[in-house]
Amino acid sequence: MKNEKSTFSVLFYLKKDKMKKNGLVPIHARITINGKQTQFNTKLEVLETNWKSGRAIGKSMEIQRLNSMLDDIKANIRSHFHNQLMRDSYVTPESVKNALLGKEEEALTIISFFEQHNNQYKKKVEAGEATPKTYSRYELKKLRLTQYLKDEYRVSDLPIRKINKVFIENFYLYIIKNHDCSPSTTSIILQCSFAKA
C-alpha cells in the first residue's frame, strides 16, 4: 500500500450469531486498508440493547469503561498502522492485526515466496491445469530476482516487506540494462512478479 493512496478504517460491530445465554454479545473489530479487511474478537462483550453505531450506549461506569477500552484498541490499531507504514511503506490488515495481538508474522522472504508460488504452479502443470511454458517464465522471473538481489544487495534473499517503489524501479532498470529487455517486456515481468507479492 503506497502512503499517498492509503485508506484506513477501524469498525467495531457485534457478532450477533455468537450471543451468549446471558444476552451478552462479543464485540469484534474490523480493520480495512485499501478495501482489504480482517476481523478479530476484542474479547469484550455487551448487551445488544446497549450498542449503537459501533459504540456502547448508556451512562453507567461499566459502559464508560467499555468505550474507553474500545478507544484504546482503536488507538493501538492506528499506532501499529502508522508505524508499519513509516517503516515498510506497505501495510496489510493482517499485519496490523498480528502486531496488535502480539503474533509474530512469518518471516516471508522474496525468493521463498516465489519458490512457494512456483511449486504450487508446478503442481497445476502436472495436473494439466496450466502450461509448462508459463511455469518456465515464472522460474525465469525467480532467477532474475535472485541475480538482482545478489548483484545489487549482495544477499541471497530479503524480507518481502522490503519490496517498495524504489526496489521495483531499480529492478526495472536492472532488467533493461542486464538482460536486453524492452521497457514493455520489463513492465510485464514486473507486473507478473510483484502482483503476487
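Two strands are taken to pair if DSSP finds at least two bridges between them, and the strands themselves, like the helices, are DSSP runs numbered from the N terminus (helices are H or I with at least four residues, strands are E with at least two). The model described here is predicted, so that local features need a pLDDT of at least 70 and side-chain atom pairs count only at pLDDT 80 or more, while totals for chains, interfaces and linings use all residues. Residues are numbered from 1 along each chain as its sequence is written, and side-chain values use heavy atoms, with hydrogens and water left out.

**The sheet and its helix**

An open sheet is formed by 3 strands in the order β1-β2-β3, with antiparallel pairing. Because β1 (8-14) and β3 (36-47) stand at the edges, each with a single partner strand, one side of each is left without a neighbour in the sheet. On average, and with direction ignored, neighbouring strands of this sheet are turned by 20 degrees against each other; axes here are lines fitted to C-alpha atoms, for helices over the stretch in contact, and angles run from 0 to 180 degrees between N-to-C directions.

Strand β2 (residues 24-33) runs antiparallel to β3 and is joined to β3 by 10 bridges. Among the bridge partners in β3, glutamine 37 faces threonine 32, and leucine 44 is the partner of isoleucine 27. The hairpin of β2 and β3 has 2 residues between the strands, and in this hairpin asparagine 34 takes a positive phi near 50 degrees. Helix α2 (residues 93-101) packs on the sheet and touches β2 and β3, its direction making about 40 degrees with that of β3, where contact means heavy atoms within 4.5 Å.

**Salt bridges**

With a salt bridge defined as a side-chain nitrogen of Lys or Arg within 4 Å of a carboxyl oxygen of Asp or Glu, the count comes to 5 salt bridges.

Burial is judged by relative accessible area (buried under 20%, exposed over 50%, partly exposed in between, with a 1.4 Å probe and protein chains only). Glutamate 48 is partly exposed at 34%, as are aspartate 71 at 39% and arginine 55 at 31%.

**Aromatic rings**

Rings of Phe, Tyr and Trp (its six-membered ring) pair if their centres lie within 6.5 Å, and planes under 30 degrees apart count as stacked, over 60 as edge-to-face and the rest as tilted. By this rule the count comes to 8 aromatic pairs. One of them joins phenylalanine 113 and phenylalanine 114 edge-to-face, at 6.0 Å centre to centre with 80 degrees between the planes, and both of these residues are buried. Ring pairs also link Tyr148, Tyr153, Phe167, Phe171 and Tyr174 into a cluster.
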